[in-house]
Amino acid sequence: MNGPQDLGGQMGFGPVAPEKDEPYFHAEWEKRALGVTLCAGAMGAWNIDESRHARESLHPADYYSSSYYQIWIKALETLLKRHGFVSERDLEAGEAIDKASTPKRVLKAENVPAVLAKGGPCNRPMAEPARYKAGDAVRTKNFNRTGHTRLPRYARGRQGKIEAVREGFVFPDSNAHGQGENPQWVYTVVFDGTEIWGEGADPTLVISIDAWESYLEPA
């Protein structure tokens, strides 16, 4: 999806200015926002790709006017409503009013360290060999999907070279929409700066992305 989060190469947003010695949280409520989001995800009703898609689906004006954890909370409201854990009336009242879905599981405080340590690995074994190998010339496909995708706009329809063959990973474009994991090989693809940014680009610049196999075709 060409959502508000996909800003690579977009004009008018100014330079990236990292905050020196940036703290993990800028306010106390952000800690709770992270905790609530992780606990809700642990209920097992959605996956990380659906969660990302919910954030990216916010209206651009809403997205750009929200802080990082505000985006998380707004997306979490969408997910909780979608899966029947809260209703609009619940949110308006600030308390449970309507009957809610029962979660598959509940994350308890004593289990948090183990769950965080385990993470959520998305690599999967592959039955078929990788189509490409390091050094192969490839071109990314040029599409504008209405759903979730991990291929950024600036890297579509561009010629590059396979730098490394990684593993099989869950395909986010289908996984975000309940269409199965459909794992694919993932490759690191490197592009010259001029291929991405055009004539005015620094000729010494190279850019790498990780791309699922179906994003690529032979060049």
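**A tour of the contact between two domains**

Begin between domain 1 and domain 2, where three residue pairs are in polar contact, both residues at pLDDT 80 or more; such a contact is a pair of N or O atoms within 3.5 Å, where within protein one must be able to donate a hydrogen and the other to accept it, and residues adjacent in sequence count only if both atoms are side-chain atoms. Zero salt bridges are counted between these domains (a side-chain nitrogen of Lys or Arg within 4 Å of a carboxyl oxygen of Asp or Glu).

The model is predicted: local features need pLDDT of at least 70, side-chain atom pairs count only at pLDDT 80 or more, and totals for chains, interfaces and linings use all residues. Residues are numbered from 1 along each chain as its sequence is written, and side-chain values use heavy atoms, with hydrogens and water left out.

Next, select residues 26-116 as domain 1 and 134-216 as domain 2, bounds that come from an automatic or database domain assignment. Their C-alpha centres lie 29 Å apart. Six residues of domain 1 are in contact with eight of domain 2 (heavy atoms within 4.5 Å).

The area buried between the domains is about 590 Å², 43% of it from carbon and sulfur atoms; this is the accessible area (1.4 Å probe) that two parts lose on being put together, summed over both. Now select Asp49, Arg52 and His53, which lose the most area in domain 1 to domain 2, together 68% of what that side buries.

Finally, display the whole chain: its C-alpha trace spans about 55 × 45 × 35 Å along its principal axes.
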